[in-house]
Every structure is written in C-alpha cells, then in structure tokens.
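Keep the model open as you read.

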Amino acid sequence: MSIRATLLVVSLLAGSISLAAQAPNTLTKQEVAAGWHLLWDGKTSAGWESERSGPFPGSGWELKDGLLSVTDTGGAEGGAAGDIITTTKYASFELSVDFRTTVGANSGILYLVDLNLKKGMGSPVGFEYQILDDAVHSDAKRGKDGDRTVASLYDMIPARSDKPIKPVGEWNTARIVLRGTHGEHWLNGQKVLEFDRNSPEFKQIVAGSKFSVYPNFGEMPETAIVLQDHGFPVSFRNIKIRVLRPSPR
C-alpha cells in the first residue's frame, strides 16, 4: 500500500473513531453550525416542566446516567406523573430523539398540541409520533391499517410497513420534520410517512380519526414538544432540535 493510501485509511479510521466516541447528549461542531441545539442537557430538567403542574415531576420520571426515563408502570395515558413539555414553543422545526422501549411499552412524542383541548388526566391533544412495542402492545392492532404502530402519526397515518425498527431494548432514532404545513416522520434515517395538514386529503384523515371531535385540531402556528408518560418504562436521550424556515408558498 502506498503512503498516500495508508494516510487515507488512517484518516478514515480516525473519523470513525471520533464519531463512535461522541458522547450522548452532545452536539458535533457540524451540528452546531447547522443550527442544532440540545433540548435536554443530559443531566438536569432545564427547559422541561410538567404538563400538569409546572415544575418538573418529582417522581415518575428519572434523570440518570444520561437518560431521561419514564419509571411509571401503571399503563395509563398520562401516567401517575404525567407528560413533560418544553418551556419553549416552535413553529417550523426538525426534531431528533433517541428512544428505547421495554417489552409491551407505549409512549409517544407529541407536537402541535393544544393544551386548551385537554380533558381529564390524559395526554394533551395533538399530533403524536407513536412509540410502541408493536409485537406485544395491543394498540398495534387497533386503529386503521396500522396507524397506531411505532413511528406512525397516531390514529391518522401509518408508518411504512417496511420501517427499519430495531428490537425492544435497543436504541432507535425518531425524527420529526415540520415545515409550515408539511410534516414528515423518520425512523432510523428513513422517511416513513409525510403529510400536508392543509390538504383536503389530510383533513379527510382527521375527520375519520378520534380527533375529529376537536375544533381546529392541529392548526396552531407553534407548539411545545411533549414526551409522553403512558405508564410504561421508556428512555430518551440525544434530544435535539433546529428551527427551520417555513417553505415558500
């Protein structure tokens, strides 16, 4: 092997090691330059609060070893501790979240939420990137055409049937892109669905969903980000977001 080829191999290996060594809940220089910032610092509850009461929940959620985890085990929507919500709202954005489920788990990432529509102790009303153990949790067989399975737009649009999901106990990466009225769900680097919430087709989807009873559902101009406590152990890390410019009309 020539000296030039050897140097190239060494450079590539060094780059691979650098990527592999990146600590969770941190940003690379490239990500910072691209406008990303962390929504969770990996240690404290800064930037997050209880959707119910303001301060971050004193129990039911755990911040430990670089993981933000639900510890509730009651299996109810909203759980004993309740969902957590960002203190900042966003209009057009790209959100990336690593999640790890346990057997039979149910959770979600909510956006375009309207807190004024909430009733009872459940989760806020809004769009949901479904997080689920499709093989065990019964919700995977409810709804229509799989629209309650992992990475789906809950009760509205199913994720692709060939979605690249990793097994329970391993880390998956959810990505949500919302640019104006256009939305996308991604899973482990592949787009699994998209929609235009102003289109006649999407309005028909809403009309056929459980959300049809809510006036102006999903039409708010900006939103907080919500992590759901559904009463099952689930962990999150590498929660990051960047603000996007709305697409020109």
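Glutamate 194 has a relative accessibility of 42%, so this residue counts as partly exposed. The model is a predicted one. Glutamate 194 meets lysine 191 in a salt bridge, with 3.5 Å from N to O. Lysine 191 is partly exposed too, because its relative accessible area is 30%.

That contact belongs to a longer list. The whole structure holds 12 salt bridges. One of them joins arginine 237 to aspartate 98, and the closest N and O atoms are 3.4 Å apart. Arginine 237 lies in strand S13, while aspartate 98 lies in strand S6 (residues 93-101). The two residues are 139 residues apart, and their pair links distant parts of the chain. Is aspartate 98 buried or exposed? Its relative accessible area is 8%, so aspartate 98 is buried.

Arginine 237 has a second contact to look at. Its charged end sits over the ring of tryptophan 171, 4.1 Å from the ring centre. Arginine 175 makes a contact of this kind with tryptophan 186. There the charged end sits over the ring at 4.2 Å from its centre.

Lysine 163 has a relative accessible area of 13%, under the 20% limit, so it is buried. Elsewhere, salt bridges link Asp139, Arg142, Arg148 and Asp155 into a network.

Valine 168 also has its place in the loop between S8 and S9. At 36% relative accessibility, it counts as partly exposed.

Now turn to the strands. Strands of a sheet pair through backbone hydrogen bonds, either parallel or antiparallel. Here, 5 strands form an open sheet in the order S2-S5-S12-S7-S8, with antiparallel pairing. Which strands stand at the edges? They are strand S2 (48-50) and S8. Each has a single partner strand, so one side of each is left without a neighbour in the sheet. Further in, strand S5 (residues 84-86) pairs with S12 over 2 bridges, in the antiparallel sense. Isoleucine 85 has valine 226 in S12 as its bridge partner.

Strand S4 (residues 67-70) makes pairings of its own. Strand S3 (residues 61-64) and S4 are antiparallel and share 4 bridges. Leucine 63 has leucine 68 in S4 as its bridge partner. The hairpin of S3 and S4 has 2 residues between the strands. In this hairpin, aspartate 65 takes a positive phi near 55°. S4 is also joined to strand S13 (residues 234-243), antiparallel, by 3 bridges. There, serine 69 has serine 235 in S13 as its bridge partner.

What covers the two faces of a strand like this? In a regular strand the side chains alternate between the two faces of the sheet. In S4, Leu67 and Ser69 are on one side, and Leu68 and Val70 are on the other. All four are buried, and both faces of S4 are covered.

In one of them, tyrosine 154 and phenylalanine 211 have ring centres 6.4 Å apart and planes at 70°, so the pair is edge-to-face. The pair links distant parts of the chain, 57 residues apart. Tyrosine 154 is in the loop between strand S8 (125-132) and strand S9 (172-179). Phenylalanine 211 is in the loop between helix H3 (200-207) and strand S12 (226-227). Both residues are buried.

Phenylalanine 211 also pairs with phenylalanine 217. This pair is stacked, 4.6 Å centre to centre with 5° between the planes. Phenylalanine 217 has a relative accessible area of 7%, so it is buried. For phenylalanine 211, the relative accessibility is 7%. These rings are part of a cluster. Ring pairs link Tyr90, Phe93, Tyr111, Phe127, Tyr154, Phe195, Phe202, Phe211 and Phe217 within it.

Notes. Residues numbered from 1 in each chain as written. Predicted model: local features only at pLDDT ≥ 70, side-chain atom pairs only at ≥ 80, totals over all residues. Heavy atoms only, no water. Buried < 20%, exposed > 50% of the residue type's maximum accessible area, 1.4 Å probe, protein only. Pairing = 2+ DSSP bridges. Phe/Tyr/Trp six-rings, centres within 6.5 Å; stacked < 30°, edge-to-face > 60°. Lys NZ or Arg CZ within 6 Å of the ring centre and 35° of its normal. Salt bridge = Lys/Arg side-chain N within 4 Å of Asp/Glu carboxyl O.
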